[in-house]
Structure formats: C-alpha cells, structure tokens
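Please look over the sequence and the structure shown below, and keep both in view while reading. The paragraphs that follow lead from one part of the chain to another.

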Amino acid sequence: MAPKPKEKPKASAATAAISVEDLFTSLNRHIQRSEYEQAVKVSDQIIAAAPGDEDAIRCKVVALVKGDCIEEALVAIKEFSKKASSVDLSLFKAYCLYRQNKLDEALESLKGHEGSDESMLLESQILYRLGKMGASVDIYQKLQKSKIDSLEINLVAGLVSAGRASEVQGTLDSLRVKATSSFELAYNTACSLIEREKYKDAEQLLLSARRIGQETLMEENFADDDVEIELAPIAVQIAYVQQILGNTQEAVAAYTDLVKRNLADDSSLAVAVNNLIALKGPKDVSDGLRKLDKLIEKSDGPEKFQLARGLDLKLSQKQREAIYTNRVLLLLHSNKMDQARELVGALPGIFPGSLMPVLLQAAVHVRENKAVKAEEILGQYADKFPDKSNIILLARAQVAAAAGHPQIAADSLAKIPDIQHKPATVATLVSLKERAGDIDGADAVFDSAIRWWSNAMTEDNKLNIIMQEAAAFKLRHGRKEEAARLYEELVKSHGSIEALVGLIQTAAHGDVEKAEAYEKKLKPLPGLKAIDVDSLEKTSGAKHAEKGPTAAATEIYEAKNKDKAKKKRKRKPKYPKGFDPANPGPPPDPERWLPKRERSSYRPKRKDKRAAQIRGSQGAVAKEAASSSDTKSNQPANPKGASQNAGTEQPKASSKSRKKSRK
C-alpha cells in the first residue's frame with residue numbers, strides 16, 4: 001500500500017498578506033513603467049489570491065484600456081460585474097464603448113454618474129464626437145470651477161467646433177490663461193483665428209506653437225521622429241494657412257513633404273493628402289485617385305464605404321465629407337461614372353441630414369447631361385427641408401441657368417428671401433427674367449428692391465444704385481414715364497449727375513422743353529468755351545462736309561501733314577557683319593531662292609541607255625524612239641521651260657509611287 005502524500009502546510013494569513021502586498025508593489029512598478037501586459041498578469045495573480053479585490057479589478061481594467069485591448073476590457077468588466085456586483089465599473093464601460101464609437105450606448109452607460117467630474121468630462125467628449133458641439137461646450141463651461149488639468153485646451157477646441165470662435169479670447173481672459181501657455185492651446189487658439197479669417201495672426205501663433213512644442217517635447221526626451229509626429233497637426237495647419245493666403249507653391253511643398261516622409265499621425269496625413277489633391281485639382285486625376293484609394297475602403301457590410309485605419313473616429317464630419325467629396329469629383333473628372341454613382345448612392349447613409357450628398361448627386365446628373373433630373377432632385381430636397389434650402393436653391397439656379405432654363409433659375413433665386421434685395425441678386429433675377437421674356441416680372445423685381453431699400457435703416461444704403469439701374473431698365477423697355485419719375489427722384493434726393501443726364505435723355509423723347517430746362521442744370525465742362533461745335537462736326541473725325549468755310553483750312557492742314565511725312569529722316573541701311581559696301585564683290589545669283597529644278601542652269605540626268613535598247617535586225621529603228629525624237633524637235637529650245645515641265649511632272653510620279661506602296 002502506497003504511503004499517503006504529505007499534506008502541505010497551510011499558509012498563514014500573515015504570509016498571504018505579505019504575498020499580496022508584494023504583488024501590489026510589483027503591479028505599481030509595472031504601471032509606472034507602462035508595462036501594461038505585465039500589469040494585467042499581476043492583477044490576475046492578486047485577484048486569484050484575493051478574489052473580489054476592488055483595486056486589483058480596477059487596475060486590470062485600466063491596464064487593458066491603456067494597452068488598447070478595449071474588447072478584452074469590456075469582457076473583463078462584464079465578468080467582474082457578475083462576480084463582484086459591489087464594484088461599479090459602468091464608467092469604465094462607458095469609456096470603452098466611447099473608444100469603440102458606440103456613442104449612444106456609452107451615454108446610456110453613464111446614467112447614474114451625473115455630477116461627477118469624470119462622468120461630465122467623458123460625456124462632453126461623447127457629445128463632441130456626436131457633433132453636438134453646443135452641449136459639449138456647456139459641460140466644459142460647468143467644469144471650469146473644478147481643478148482639471150488642461151481643461152482650457154478642450155474648451156477652446158469645443159468653442160471652435162461649435163462655431164463660437166469669437167468667444168475664445170474672452171474665455172482665455174476669464175480663465176487668466178495665455179494662448180502660448182502650451183503648444184496644444186496655442187494650436188487651438190490659432191484655429192479660432194482661422195475661423196475668424198485672421199490668417200496672418202493665425203500663422204504667427206502656429207509658428208509659436210511649433211517652437212513651444214519642440215522645446216517641450218525635447219525636454220521630455222522624445223525622439224526626433226516622435227517630435228515630428230506629435231507636431232504634424234501644426235505643420236498641416238501652417239500649410240493650410242499658406243494655401244488660403246495664396247502661397248500655393250509653399251503649401252504644395254509642405255503637404256508633399258509630409259506625405260513623402262510619412263512622419264505624421266493618420267488623421268494629419270489624411271488631411272494633408274486631401275488638401276494636396278484639392279490644390280492640384282484635375283491636373284493629375286489618376287494620382288489623386290490612387291492616394292484616396294488608400295484612405296477609403298470598400299466593404300460588404302451594411303456600411304459599403306468607410307475610411308481606413310480608424311479615421312472615421314479621428315476626423316470630424318467636415319473633414320470626412322471633404323475626403324468623400326474629392327473622390328466623387330475626381331471620379332467625375334476621369335469619367336468613371338459607375339463608381340461615382342455607387343459612391344454617391346452610399347453617402348446619404350454615411351452623412352444623414354447633410355447637404356453634400358444631394359449636391360453630389362445633382363453633379364453626377366449634370367455630368368451625364370441630365371440637367372432636368374438634377375433640377376428635380378434639388379427642388380424636392382428644398383421643398384422637404386426648407387430650413388436647409390438656401391444652398392440647394394442656389395445650386396438649382398446655377399444648374400438651370402447653365403442648362404438654358406432661365407425661368408426655373410429665377411424661381412429658385414426668388415425662394416431665398418434673405419438675398420432678394422441685394423444688388424447682385426436683383427441684377428441676376430432681372431437678367432434671367434429678361435432672357436425668359438418676362439419683362440413685367442423683371443420690372444416687379446426692381447420695384448420690390450426699391451421698396452425694401454426705401455424702408456431700410458442701414459448705413460450702406462443701395463437705393464440710388466437700384467433706382468439708377470431700374471430707371472435705365474424702364475427706359476430701355478419703353479416705360480419712359482416711370483423712368484423719368486425715378487430719374488427725377490434721384491436728382492432731387494441725391495443730386496446725381498448720372499441721373500440728371502438720364503432724366504434729360506428720357507424727357508427729350510416727349511417733352512423737349514423740360515429736357516432743355518434740365519440741361520441748363522448741367523455744369524459746363526472746363527475748356528469747352530472756345531470750341532466751335534459746328535466746325536468740330538465738320539472735321540475729319542466727324543461727318544465730312546463737301547463745302548463750307550472750314551474746307552480750305554482742312555486742305556491746308558492735310559497738305560502740312562503730307563510735307564511732314566515727306567521730311568522723314570532717312571536711316572542708313574544695315575549691312576551684315578563683315579560686309580564692305582565699297583567692295584561688295586560679285587552679285588548674288590538671282591535664282592538662288594528658286595528650287596534647283598526651276599533654275600536655268602539645271603540639267604536633268606540622262607536616262608539609262610539600256611532602257612531604249614532596240615530589238616530586231618541591225619539598223620532597225622523603233623517607233624517609240626522615232627516619235628520621241630519628233631516630240632523633242634517640236635519642243636522649244638528654252639531650257640527654263642524644260643525645267644518647269646520636269647518640275648510639274650515630278651509630283652505626279654511621286655503620287656503614283658505612294659499609291660503603289662499603299663497596295
């Protein structure tokens with residue numbers, strides 16, 4: 001019978017406690033060194049030794065998140081929630097769902113944590129990702145009282161994205177923070193200046209941000225390549241400012257350098273590629289499509305198209321729209337209509353509620369010469385979403401005007417009330433209605449604009465411009481009384497010289513006395529007192545008079561001009577270099593410009609004697625030779641004439657040879 005194995009002595013509580021303490025010490029060391037895989041293993045050892053230890057569970061979840069093992073972290077959270085219900089991991093779950101871009105689920109997981117700084121900060125980030133910039137900024141403003149490091153960086157970024165760039169400087173002043181306190185804050189503040197179109201100031205602040213960033217990262221012992229990667233967004237933004245300022249070569253060089261060196265994060269690289277393609281335009285379509293193919297992936301899932309390398313999570317909606325839009329435009333330029341239609345069909349699902357898919361769909365129809373279809377699509381969208389219709393209606397007007405449908409273009413512009421009174425809109429509407437033959441409608445546009453500007457309380461009033469053009473329009477279309485009334489109002493209210501001239505021209509058609517009365521109000525031009533108008537009309541510049549008192553003076557004037565023309569100074573002829581006019585030498589051959597065949601000295605080559613060999617008995621003469629000798633004797637003896645005949649026959653022979661060679 002085999003002996004029983006010896007039982008191991010049970011470890012005492014003190015020994016177990018020391019062992020867990022050592023494990024926590026090891027865990028802390030791994031966390032400090034960013035060794036997250038080892039930290040997860042040690043956490044498992046602690047949990048095995050002390051099940052339900054809250055600190056060990058939290059350390060494991062955080063280590064998994066830090067190590068980008070988001071899916072594993074969610075699995076661990078689910079397991080621990082069942083085993084240790086006392087440990088609340090819903091905040092970690094919300095963050096993991098946020099990292100997976102499951103934003104609605106992340107917001108749902110945050111319920112019950114309202115009020116804490118951590119949950120509010122995460123909620124603001126989720127709202128920012130969802131495009132709800134206003135709500136995100138509101139949360140950041142509530143967090144200003146809490147002591148959260150670098151909160152101002154996110155707050156400024158939120159203000160810029162929410163379209164509230166004008167509030168950035170006031171926010172920094174209230175927080176008593178300088179824009180140059182960190183390179184991230186300087187970058188975000190420069191973005192606010194770009195939104196406000198202060199490009200020179202933005203450029204200077206971006207250069208300062210790059211300098212501060214280099215100094216900061218070098219102090220933290222970053223490698224040179226890592227420094228460039230961290231500062232890549234600043235480099236892209238500097239290139240963009242150069243692009244806006246018109247320094248195209250500098251911008252292209254900066255974008256190209258970023259793309260070639262590939263020392264940038266994925267989002268900055270994507271923006272650089274997109275901006276470079278936009279700068280080049282349709283110059284190199286194949287290269288642009290090749291670069292965008294690396295950014296856009298096609299899949300078989302519900303989302304047929306998506307951006308590569310997780311760019312959907314890293315880029316804003318505006319940036320993602322720009323990439324897809326450029327791809328559609330390049331496909332249209334390269335006549336790849338099938339691919340363009342496929343991509344445009346998927347865009348409404350990718351960007352729901354956005355105007356860009358509708359505009360691109362209309363562009364595809366215009367490219368296919370289906371302008372009526374494009375007008376129909378744009379019109380339906382404008383009727384369905386009237387609050388977003390301004391850009392759509394402008395596009396419809398442009399398409400209709402280019403397609404020769406002026407009435408549809410005018411109707412589209414007439415549906416945008418905000419711009420009806422502007423001079424450019426009035427001029428466009430009048431021109432379109434004139435092309436459509438609607439003169440009464442064009443006149444009504446002028447009358448409406450005059451009423452609006454008459455009641456407008458603005459410093460930059462355009463009433464005189466509108467009235468001047470309206471009067472000219474009415475006069476052009478035979479509405480003289482209305483034109484005269486407008487001109488008279490302009491003369492009384494503004495004292496316009498142009499209006500006075502127009503009034504005189506208008507009154508001259510029906511009331512000459514009134515026209516003469518207004519003509520006396522015109523100021524005489526300086527220098528016109530001593531000019532005889534009758535004699536001026538009879539000069540060579542006006543209609544020629546056969547007889548008159550000034551005819552003799554005109555003849556004398558013309559004779560003087562002829563004498564002056566004869567007395568022109570003679571210039572010495574210019575000779576070639578090295579030529580002596582005293583010893584010119586033999587004269588050049590007068591026939592040097594003629595072809596050789598047409599010169600008198602030309603002698604054609606003799607024909608081959610073997611071609612004319614005589615067959616038959618000795619002394620016999622061929623008939624062809626006899627006839628040729630007769631024709632030669634009948635020809636004139638002029639050698640030049642012979643050369644001309646030879647020259648005219650040669651092209652015929654050469655044409656025959658070309659025909660034979662074709663066979």
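**A walk through the predicted model**

Setting aside the neighbours within four places in sequence, Tyr 324 is in contact (heavy atoms within 4.5 Å) with Ile 296, Phe 305, Gln 306, Leu 307, Leu 343, Leu 347, Ile 350 and Phe 351. This is a predicted model, in which local features need pLDDT of at least 70 and side-chain atom pairs count only at pLDDT 80 or more, while totals for chains, interfaces and linings use all residues. Residues are numbered from 1 along each chain as its sequence is written, and side-chain values use heavy atoms, with hydrogens and water left out.

Tyr 324 also belongs to the largest nonpolar core, which has 35 residues, and together with Ile 323 it touches the most other members. A nonpolar core is here a set of buried Ala, Val, Leu, Ile, Met, Phe, Trp, Tyr and Cys residues joined through side-chain atoms within 4.5 Å; buried means under 20% relative accessible area, exposed over 50%, and partly exposed in between, with a 1.4 Å probe and protein chains only. The elements that give two or more residues to this core are α14 (232-244), α15 (248-261), α16 (266-280), α17 (285-293), β2 (305-307), α19 (317-333), α20 (337-350) and α21 (356-367), where helices (H or I, at least four residues) and strands (E, at least two) are DSSP runs numbered from the N terminus. A second, separate core holds 33 residues, among them Leu 413, Val 445, Phe 446 and Leu 486.

A cavity is a set of points, on a 1 Å grid over the protein atoms alone, where a 1.4 Å probe fits but cannot get out, and lining residues have an atom within 4 Å of a point. The structure holds one cavity of 30 Å³ or more, and the largest cavity has a volume of about 60 Å³, the volume being the space filled by probe spheres set on the points, which are joined across faces, edges and corners. Its lining includes Leu 276, Ile 277, Lys 280, Asp 284, Asp 287, Lys 291 and Leu 330.

Which residues of helix α9 are buried? Leu 151, Glu 152, Ile 153, Leu 155, Val 156, Ala 157, Gly 158, Leu 159 and Val 160 are, so that nine of the 11 residues of α9 (residues 151-161) are buried and the helix is mostly covered. The cover over these buried residues includes α7 (117-129), α8 (133-142), α10 (168-175) and α11 (183-195), and just after α9, Gly 163 takes a positive phi of about 75°.

The aromatic pairs come to five, counting rings of Phe, Tyr and Trp (its six-membered ring) whose centres lie within 6.5 Å, with planes under 30 degrees apart called stacked, over 60 edge-to-face and the rest tilted. Tyr 95 and Tyr 98 have ring centres 6.0 Å apart and planes at 45°, so this pair is tilted; both lie in helix α5 (residues 90-99), three residues apart, about one turn of the helix. Tyr 95 is partly exposed at 32% relative accessible area, whereas Tyr 98 is buried at 10%. Tyr 381 and Phe 385 form another tilted pair, at 4.8 Å centre to centre and 40° between the planes.

How values were computed
On a 1 Å grid over the protein atoms alone, a cavity is a set of points where a 1.4 Å probe fits but cannot get out, and a pocket is an open set with protein on both sides within 12 Å along at least five of seven lines; lining residues have an atom within 4 Å of a point.
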